[in-house]
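Q: Hi! Could you walk me through this one? I'll just ask things as they come to mind.

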Amino acid sequence: MTTLSVTINGRTYGPTEVRDELTMNDYLREYLGLTGTKFGCGAAQCLSCAVIIDNPGGTSYTSPTCIVPAVSFNGKSIRTVEGHAKDGELSALQKAFIDHFAFQCGYCTAGFLNEGQVLLERLARKRVPRADLEKTIAEALDGHLCRCTGYIKYHEAVREVILADPQRYLL
Amino acid sequence: MLAATALLAMLMSTHAASDPPAETLATPERFAAIADTATRSAALFTEAGKVLTHPRCMNCHPAGDRPRQGDIQRLHQPPVARGEDGFGLPAMRCPICHQAANFDPAGVPGNPAWHLAPHEMGWEGRTLAQICEQIKDPARNGGRSLEDIVHHVGEDHLVGWAWAPGGDRAPAPGTQAQAGALLNAWVQTGATCPN
């Protein structure tokens with residue numbers, strides 16, 4: 001057993017004693033009831049289980065949760081799909097996903113949303129030329145699997161958010 | 001001379017009945033009967049080559065940008081790439097999944113420095129003789145001296161994981177200290193490469 005304290009969507013959970021073999025995915029879904037984070041392949045291949053990890057320096061990245069021990073998140077601050085909307089207002093990316101009907105079954109959506117959000121935050125820190133935008137989006141979303149094959153719609157939704165505020169995201 | 005030739009043949013054969021099992025390494029002393037220094041040196045490297053060409057080492061010294069995994073050396077799943085620093089691409093960094101230690105419930109190996117060898121150090125698909133020449137070449141060994149190579153194989157913590165990989169992974173032959181001793185003896189005898 002190891003003590004786990006983790007901040008999720010701005011709220012601190014723990015300290016809690018958890019088994020060393022507990023995955024972060026089980027901790028989120030089974031311990032906390034945060035079922036927006038999905039369990040897909042169980043091998044970090046589909047990334048439907050990906051969450052955002054916020055570094056103290058202001059950068060962020062995604063991590064799968066299905067193969068990663070919960071205790072490895074001790075002391076970290078993460079965001080899940082439940083944390084994107086603020087005061088009931090969907091984020092720009094969430095709205096774009098809906099506008100583009102970027103999901104069908106929705107199972108992969110949380111992972112795509114988190115990855116897209118990380119991309120937006122990365123571009124806000126370091127803009128890219130417009131000519132590199134398509135490649136940048138494709139590379140960012142690469143690795144996320146959608147069995148409904150909604151890839152282009154996710155891509156278009158992310159692109160729309162970026163092009164809606166080019167001075168923020170593009171050189 | 002005859003005895004030395006017979007010993008050499010025994011040590012360098014992969015099928016001799018007297019060969020040690022694949023999971024063991026011969027000590028440098030076993031090569032002492034080989035009178036010719038260059039031949040002995042090459043034989044020492046050949047023995048150490050059991051480690052260098054083992055999946056535990058080869059999987060992270062791929063020829064391409066994608067590591068391999070498992071004893072059958074399949075391409076890494078999920079698809080990942082080396083990246084500029086050997087720690088993966090921005091969205092798929094090695095340490096995100098590979099923690100400081102193995103996580104057996106998910107079958108994920110771990111080490112604090114889990115990463116790929118640089119592209120120029122790829123061994124996959126090469127003969128042991130080619131790997132030997134590569135290891136000696138500072139342009140293709142990370143600027144290391146031969147002593148550095150001995151240290152890398154014999155003492156490096158990440159390399160040491162190969163002898164205690166956990167799960168159902170086959171460990172590298174022998175021990176890390178034995179592998180380091182073999183390479184040290186190889187260096188001391190002139191670092192001759194096998195043909």
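Q: How much of chain B is buried?
A: Buried residues account for 35% of the 195 residues in chain B. Buried means 20 or more other C-beta atoms within 10 Å of the residue's own, exposed means 12 or fewer, and partly exposed is in between, with C-beta atoms placed from the backbone. Keep in mind that this is a predicted model: local features need pLDDT of at least 70, side-chain atom pairs count only at pLDDT 80 or more, and totals for chains, interfaces and linings use all residues. Residues are numbered from 1 along each chain as its sequence is written, while chains are lettered from A and ligands numbered from 1 in the order in which they are written.

Q: Which helices and strands make up chain B, and in what order?
A: Chain B has eight helices and four strands. Starting at the N terminus, the elements go α-α-α-β-β-β-β-α-α-α-α-α. These are DSSP runs numbered from the N terminus, with helices being H or I of at least four residues and strands E of at least two.

Q: And what share of the contacts in chain B join residues at least 24 apart?
A: 60%, counting contacts in chain B between residues at least 6 apart in sequence. A contact here is two residues whose C-beta atoms, placed from the backbone, lie within 7 Å.

Q: Where is confidence lowest in chain B, and where is it highest?
A: Helix H1 (residues 2–12) of chain B is lowest with a mean of 47, and H8(B) is highest at 98. Those are pLDDT values, the predictor's confidence in each residue from 0 to 100. Residues 6–22 of chain B have a pLDDT below 50, and that stretch has 19 contacts in the model beyond near neighbours in sequence. Averaged over chain B, pLDDT is 89, and 89% of the residues score at least 70.

Q: What ipTM does the complex get?
A: The predictor gives an ipTM of 0.72, along with a pTM of 0.79.

Q: Switching topic: which peptide bonds are cis?
A: One is from A:Gly14 to A:Pro15, with omega near 10°, and A:Pro15 sits in strand E2 (residues 11–18) of chain A. Another joins B:Gln77 and B:Pro78, with omega about 0°. B:Pro78 is in the loop between strand E2 (74–75) and strand E3 (88–89) of chain B.

Q: What about phi at B:Gln73?
A: B:Gln73 has a positive phi of about 60° and is not a glycine. Most residues other than glycine have a negative phi, and most peptide bonds are trans. B:Gln73 lies in the loop between strand E1 (68–69) and E2 of chain B.

Q: Is B:Gln73 buried or partly exposed?
A: Partly exposed, with 14 other C-beta atoms within 10 Å of B:Gln73.

Q: And what is phi at B:Ala191?
A: Positive too, at about 55°. B:Ala191 is in the segment after helix H8 (176–188) of chain B, and is partly exposed with 18 C-beta neighbours inside 10 Å.
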